[in-house]
Amino acid sequence: MYEGSEGCHNSPLFSRAYFIKARDFQSAGKASIHIKGLLKELGYAQSIVRKTAICAYEAEMNVVMYGSDGQLTLTIYPTFICLKIKDHGPGIEDVELAMQEGYSTAPPEYREMGFGAGMGLPNMKKNSDWMEIISGPDQGTLVHMDFFLDNIP
Amino acid sequence: MKIGQPPQHFVDINLERCNGCVLCMKVCPMKAIRVTKDEKAHILGTCIDCGSCISVCPRNAIESKTSISIQSLKSRYTIVTVSPVIYTQFGDEVMPNEVITVLREFYDQVYDQAYIHELYNLATEIYIIERRNDPKTKWPLISPICPVVNRLIYHRFPALLPQFLPFLTPGEILAREVKKKALEKTIFKPEEIGVYQITPCSAKLINIKQPLFENSSFLDGVIGINEIFGKVKRKIGKITEDAVYHYSGGIGIGWARSGGEIEGLEGVRSLAVSGIKETIKYLERIELGLLEGVEYIEFRACGEGCIGGPLAVVDKYEAKRTTERLVRMFGINKRVKFGYVKKLYENGFFNAGINPENFSKPNVANLKASLERAKEIYGLWEFLPQKDCGACGSPDCMTFAEDVIDGLQTPDRCAILNMRR
């Protein structure tokens with residue numbers, strides 16, 4: 001069974017970490033825009049750039065809205081791209097419930113801003129090729145997503 | 001002609017006046033300026049002619065090469081088309097018709113472009129309504145009017161190229177029509193007729209030399225508003241002629257400022273963005289798929305729209321006030337008939353001949369090589385002070401690292417590392 005990048009023999013080609021500041025809506029999205037630009041410049045196919053950037057954005061927004069300060073790590077392997085997002089926030093109590101479309105714990109003020117439709121995690125699941133969430137109450141959250149490359153360099 | 005190769009730009013640095021400060025380099029959205037070892041600024045090929053650097057230079061060393069002076073017009077029969085921005089330059093007491101009347105003293109024919117804008121709005125509506133239920137269409141459609149935004153998308157957001165509204169710009173449509181008319185009605189040969197546009201836009205010329213859509217432009221050149229402002233101003237009010245040369249309503253004139261184009265789109269969910277920084281921000285959002293529910297987006301690289309263009313004379317906020325007044329005065333009702341525009345639309349009056357070469361940017365990047373390069377760049381960047389001071393002559397530490405890896409810079413140019421040593 002495929003177990004994400006941990007169980008893989010590939011060695012990383014490139015890695016970069018981004019700091020995400022909680023509740024900073026003004027600069028939210030900067031990491032994902034940077035990742036998008038970087039992958040584009042490296043010459044990855046448009047489809048994979050888009051998928052990775054969308055997932056990075058969703059994950060980034062989750063940290064900004066619910067988590068405390070966190071970190072997003074982009075790692076490029078020969079056969080796939082890996083995103084890891086870690087924060088030390090309140091964690092997710094029931095991961096399976098959170099994965100359901102429309103489920104959201106967003107307070108009304110976020111909903112007023114147009115967030116909290118309960119589509120973030122399902123959207124990440126849809127756009128990534130492999131996804132894992134490790135979380136529990138007061139343990140913070142680690143989201144790990146992989147994107148497989150079609151044309152391997 | 002393929003844009004980008006050979007790279008052309010029409011912003012020029014006067015090396016005698018340039019003292020090698022880094023203001024222009026820092027403000028360039030494309031990171032296309034370097035201050036090299038001779039302590040002068042130089043522009044690279046990725047310049048998109050936005051003109052951000054022109055206004056920031058404290059020594060007026062940056063000039064736009066766009067404009068042609070009246071003396072140097074070579075054609076025997078000179079036609080000019082007029083961007084509505086010029087109507088906003090002489091205060092709110094001067095009517096568009098007066099401006100055209102004065103311009104007719106200098107040129108053989110003068111045509112108002114604002115009228116085409118109203119046809120264009122209606123055609124855009126038709127195009128959008130036709131495609132509303134087509135699942136293949138990617139939304140939002142992007143306005144193809146601003147030459148700077150066109151180039152920005154070409155260089156930085158090639159994935160958005162298919163989202164352009166595939167129409168010729170109103171300036172090109174008008175130039176095509178007036179040229180056709182002049183050939184029919186006058187005795188001049190095609191090479192003797194010159195069509196020029198009076199514009200506030202420093203990037204218009206690149207649209208003529210290297211058009212994104214067509215293979216060649218219908219315009220022969222561009223005249224900056226600053227070039228003729230004084231001449232027109234002196235004559236305004238002194239010429240009386242009982243003729244009407246200006247037909248458009250408020251919508252067509254309103255195109256001078258940001259939001260004018262979408263103002264004329266009825267029943268279309270649209271958005272207007274102006275300013276190069278905001279434009280980039282929104283293009284990033286479109287590329288991420290975050291701009292939902294918008295069908296048409298109007299981008300203008302200059303703040304407040306075309307009235308903020310580098311070749312305009314009056315400040316953009318004053319011009320905006322005049323524009324608003326003119327728009328109210330002429331009213332925002334449509335003056336063109338649906339049936340007429342529909343017929344033009346079906347006959348391909350608006351369609352741009354898409355140059356496929358410009359729309360299929362080949363992805364030749366070698367992933368392995370580019371990853372190696374990125375690793376080297378980031379490795380070097382970690383080692384740099386990351387103060388982004390620009391003293392080395394590259395806009396920031398990341399670009400400096402790229403330049404070093406590409407052989408344009410040497411690591412010993414970093415002032416802060418030298419200081420620490």
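A nonpolar core is a set of buried Ala, Val, Leu, Ile, Met, Phe, Trp, Tyr and Cys residues joined through C-beta atoms within 7 Å. The views below show a predicted model.

**View 1. The largest nonpolar core has 97 residues.** Ile33(B), Val80(B), Val82(B), Val99(B), Leu103(B), Ala123(B) and Val148(B) are the members that touch the most others in this core. Its main contributor is helix α4 of chain B, residues 114-131, with 8 residues. Domain 1 (1-64) and domain 2 (70-359) of chain B each supply residues to the core, so it lies between the two domains.

View 2. Leaving aside residues up to four places away in sequence, Ala123(B) touches Phe167(B), Val341(B), Tyr345(B) and Phe350(B). Another core, apart from the largest one, has 32 residues, including Leu39(A), Val49(A), Ala56(A) and Ala59(A).

**View 3. Chain B contains 17 helices and 11 strands.** Its radius of gyration is 23 Å, close to the 22 Å given by the globule rule for 421 residues, so chain B is as compact as a globular protein of that length. The C-alpha trace of chain B spans about 75 × 55 × 40 Å along its principal axes. Of the 421 residues in chain B, 45% are buried. When contacts in chain B between residues at least 6 apart in sequence are taken, 78% join residues at least 24 apart.

**View 4. The contact between chain B and chain A.** Chain B contributes 14 residues to the contact, and chain A contributes 14 residues. On the side of chain B that touches chain A, the elements giving two or more residues are α11 (276-287) and α15 (367-383) of chain B. Helix α15(B) provides the largest share of that side, 7 residues. Sorted by class, the side of chain B that touches chain A has 7 nonpolar, 3 polar and 4 charged residues.

**View 5. Helix α2 of chain A covers residues 46-65.** From its first C-alpha to its last, this helix of 20 residues reaches 28 Å, close to the 28 Å expected at 1.5 Å a residue. A residue is buried if 20 or more other C-beta atoms lie within 10 Å of its own. In α2(A), 14 of the 20 residues are buried, so the helix is largely enclosed by the rest of the structure.

Key: Residues are numbered from 1 along each chain as its sequence is written. Chains are lettered from A and ligands numbered from 1 in the order in which they are written. This is a predicted model: local features need pLDDT of at least 70, side-chain atom pairs count only at pLDDT 80 or more; totals for chains, interfaces and linings use all residues. A residue is buried if 20 or more other C-beta atoms lie within 10 Å of its own, exposed if 12 or fewer, and partly exposed in between; C-beta atoms are placed from the backbone. Helices (H or I, at least four residues) and strands (E, at least two) are DSSP runs, numbered from the N terminus. Domain bounds come from an automatic or database domain assignment. Two residues are in contact if their C-beta atoms, placed from the backbone, lie within 7 Å. The radius of gyration is taken over C-alpha atoms; the globule rule is 2.2 Å times the number of residues to the power 0.38. Ala, Val, Leu, Ile, Met, Phe, Trp, Tyr, Cys and Pro count as nonpolar, Asp, Glu, Lys and Arg as charged, and the others, Gly among them, as polar. The expected span of a helix is 1.5 Å times one less than its number of residues.
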